[in-house]
Amino acid sequence: MKKILLAMVILITPYALWAQGWPEKYGGVMLQGFYWDSFVDTKWTNIESQADELSKYFDLIWVPQSGWCNGNKQMGYAPVWWFDHKSAFGTEAELRSMIATYKKKGVGIIEDVVINHRSGNTNWCDFPTETWNGHTMSWTLADICNGDDGGETRNNGYEVSGANDTGDDFNGSRDLDHTSTNVQNNIKIYLDFLLNDLGYTGFRYDMVKGFSPYYVGMYNASSKPKFSVGEYWDGSYDNVTWWINGTNYDNAIQSAAFDFPLKDGINASFGSSTWDISNKGMAGSTKGMNRYSVTFVDNHDTYGNNNRLNNNVLAANAFILALPGTPCIFLPHWQKYKSEIGKMILARKAAGVTNQSEIVQQKPLNGGYVTVVRGDKAEVMVLSGFPQDFDTSGFTMISSGTNYAYYVSSTLDVTDILNNGQPETIPGEVKIHVSSTSGTAPYLYAWDGNGTKHNGAWPGKQLTATSTSADGKTWYDWTSTVTPINIIFNDGNGKQTSNIEGVSGERFYIIDPSNVTEKKFGYFEAPAAAYIHPGCATYMEDTFAYFEAPADWNKVFVWAWNTEGDLYDNWPGVEISQVGTAPNGNKVYRWTHTTSSPTKIIFHDGTGTKTADLRFENGGYYNVKGLLYTVTQPKVTISAAGYATFSFAQPIDFARAEGLTAYIVNDNNGERATLQQVSMVPANTGVVLKGEPGDYVLHPTTETTDDVSGNLLKATSLTGSVTTDGTYYVLANMASHGVGFYKLENGNKVYGNKAYLTYNANQAKLFISFESGETTAIRDVNTSARECQSVYTLSGIKVTGNGKLPKGIYIVNGKKLVIR
């Protein structure tokens, strides 16, 4: 009998711990997966497609209220239907699929629960009657607060008769009377549906100032979500913790809250670069409230008004990723700073930092602020601003940039973290496309970092799978099941390329077997643009696809459908319009749709000639054979130094890239080169970009572009990687002279979608610097750039980032360097 009782304790205790508002000693990180009007980025299918990546970093993803609001451009904050979950973000089937996919990967989806108010179906107050699982939910005017909308509801002829509101009045929808037994029962059924039918893991309660926290406690005690967080928008620590304590029900706090007091402290310090971060909100509490703190830098509301943080955004994210509490990363910040935020999340988890970890050091110091937090396995340290003369011995730098540096104890093995979580070989896909000037399919030999062969013994297998690009070129295709992979192209008779190592992602190569030196034939890596093109195929924010029609088609129609039915009432569907011409002379047509996304699509000419039933992929570029490629938005990463070079095979509108400035280089006379700002640049134009460190999404354009005829920058957007002959200058950040163009040593590469300068022997200098204003100066200095600088600690740990190295001894490109 004792054994049975013990087993019951083991089963029940963890559940009880999960049910009390927010788990204790919780080490997870949450992503807010939307922003206002993020109808493309937050499509359920789009979120689901990122599951492999996002599940490496995030444990929870907060999504918009998913019920139908009688409109395709609704964010969900004026709910009408509680049990119909088609929305602006996709169908209910797509929602369920997304939730299930993440659940299999151990990631919970948090629903935005809007129960402070509700909108009528056809008028102010006619909430629809709905039935689920044998329960029918009906409503009357007695379920709406007396005095709703400051009395306007009654003034418009609706005799609402509920009790007085237990919180703030919300204008625009009807405030529910949470003292009503009918309202309470309907909400409990609704929350049960969200958790146990749709599969949500927890709730984010919207507008909780609108009703008493007692009712959040009641609803959670009934539904038992694993996670609950309320939006009590108030910068007062006392007021927010009052709300948290007010959710106490059945002798347990039932919900966490967003840490608005910390948000105010972040805005005050990081927004002005003053570095007095004494206000750490609930995250800095020594009274146990850090468990219930969900920290954030911005959310969909603050991002769109005067509460938005405009300065030191990545530094602020580094700060919350070191603090106790549960960090919630805002989607636009993740999109822009993915690489650095990802490394810091992995480091936080490796150190065992939880929502209740102890802050062991926090102090202002010489122009900055130092925060050290002790995790279960190691300590995390974040330097905000740049404290001078601070001893960082005993710590390893994970990430650094403008006004921040993030460290963990040197006792941790952070090799994989510094490589952003990628061990030497992991399961995954590498897609290889190769075109041969000989027209003959090459052989491909492949092996991974452990020496395992992945396409047979030497010389590998001759490639047979093919695809055709928009210009009619044939590409031979091969997919690896691990990443990264090493490859050699060869002719099966002893002639081959050199080793091509560390290949990941989707790569394009052009090989030239006729150009043979010592049995090695030439190749270069081409950008996706060499496969994609034509310039008219630009990214769209709606659901869209392109079709390259055969020369004998005079019209193009689209018929599409998904699991819920046909997108059009009658065949032949919709006729689509030509938007351009492919390099081979074929007409290119574009189809867009704003209400839902199909799973299958057919293109036809209206006379009986049609494609097969094709799998639909948003942004797909198709011809009669099927999908050729996917049109995506180009992206660029600005390094910690604040600069990058870029080129792309389509015209780009840099004016739409907030925080990013583009320049061309011209008027060089051997003494000075001028940086000229540009906005709209033609395809294949090399530019210098300046901005805060992070990832930027760029926008192709069909508008008239700027005159860049005097630009000296060479683009690699069409050639792919090029190997220098000793006259190339590339953008780099070297300790000796800072950011500038440095001479690239002979034999090194400039990669695709970058830009570089060339100088002949009479002009050749070793360094071109960025000075104040928009100029560069060419000086004789004894510095040149290799392809990259490899920096390691004496213990062999690779150091990444372009930030200032702390004091210590390092191995830089094989030589010892002492930083004093």
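At 12% relative accessibility, W139 counts as buried, where buried means under 20% relative accessible area, exposed means over 50% and partly exposed lies in between (1.4 Å probe, protein chains only). A bit of housekeeping: this is a predicted model, where local features need pLDDT of at least 70 and side-chain atom pairs count only at pLDDT 80 or more, while totals for chains, interfaces and linings use all residues. Residues are numbered from 1 along each chain as its sequence is written, and side-chain values use heavy atoms, with hydrogens and water left out.

**Exercise 1. Work out how the rings of F127 and W139 pair, and what the pair ties together.**

Step 1: start with the rule. Rings of Phe, Tyr and Trp (its six-membered ring) pair if their centres lie within 6.5 Å; planes under 30 degrees apart are stacked, over 60 edge-to-face, and the rest tilted. The structure holds 41 such aromatic pairs.

Step 2: apply it. The centres of F127 and W139 are 5.5 Å apart and the planes stand at 85°, so this pair is edge-to-face.

Step 3: place the residues. F127 lies in the loop between β4 (117–118) and β5 (130–132), and W139 in the loop between β6 (135–137) and α5 (152–155), so the pair ties together parts 12 residues apart in sequence. Helices (H or I, at least four residues) and strands (E, at least two) are DSSP runs, numbered from the N terminus.

Step 4: check the cover. F127 is buried too, with a relative accessible area of 7%.

Step 5: widen the view. Ring pairs link W82, F83, F127, W132, W139, Y190 and F193 into a cluster. One of these rings, W82, has the charged end of R118 over it, 4.4 Å from its centre; that label needs NZ of Lys or CZ of Arg within 6 Å of the ring centre and within 35 degrees of the ring normal.

**Exercise 2. Find which residues of helix α8 are buried, and where they point.**

Step 1: list them. In α8 (residues 237–246), the buried residues are V240, T241, W243 and I244.

Step 2: look down the axis. These residues fall within an arc of 150°, so they line one face of the helix; the arc is that of the directions from the helix axis to the C-beta atoms. As a reminder, an α-helix has 3.6 residues a turn, so residues three or four places apart point the same way.

Step 3: name the neighbours. The buried residues of α8 pack against α7 (213–223), β9 (227–230), β10 (256–258) and α9 (260–270), with contact meaning heavy atoms within 4.5 Å.

Step 4: look at the N-terminal end. S236 caps α8 there, with a side-chain oxygen 3.3 Å from the backbone nitrogen of D238.

**Exercise 3. Identify the strands that pair with β42, and say how they run.**

Step 1: recall that two strands pair if DSSP finds at least two bridges between them.

Step 2: take β37 (residues 643–646). Four bridges join β37 to β42, and the two run antiparallel; A644 has L689 as its bridge partner in β42.

Step 3: take β39 (residues 660–666). β39 is also antiparallel to β42, again over four bridges, and L660 stands opposite G691.

Step 4: check the cover. Four of the five residues of β42 (residues 687–691) are buried.

**Exercise 4. Explain why β20 and β24 are left with a side lacking a neighbour.**

Step 1: the open sheet of four strands has the order β20-β19-β23-β24, with antiparallel pairing.

Step 2: β20 (461–462) and β24 (500–503) stand at the edges with a single partner strand each, so one side of each has no neighbour in the sheet.

Step 3: β19 (residues 443–447) and β23 (residues 485–490) pair over five bridges, and Y445 has I488 as its bridge partner in β23.

Conventions: Polar contact = N/O pair within 3.5 Å; in protein donor to acceptor, adjacent residues only side chain to side chain.
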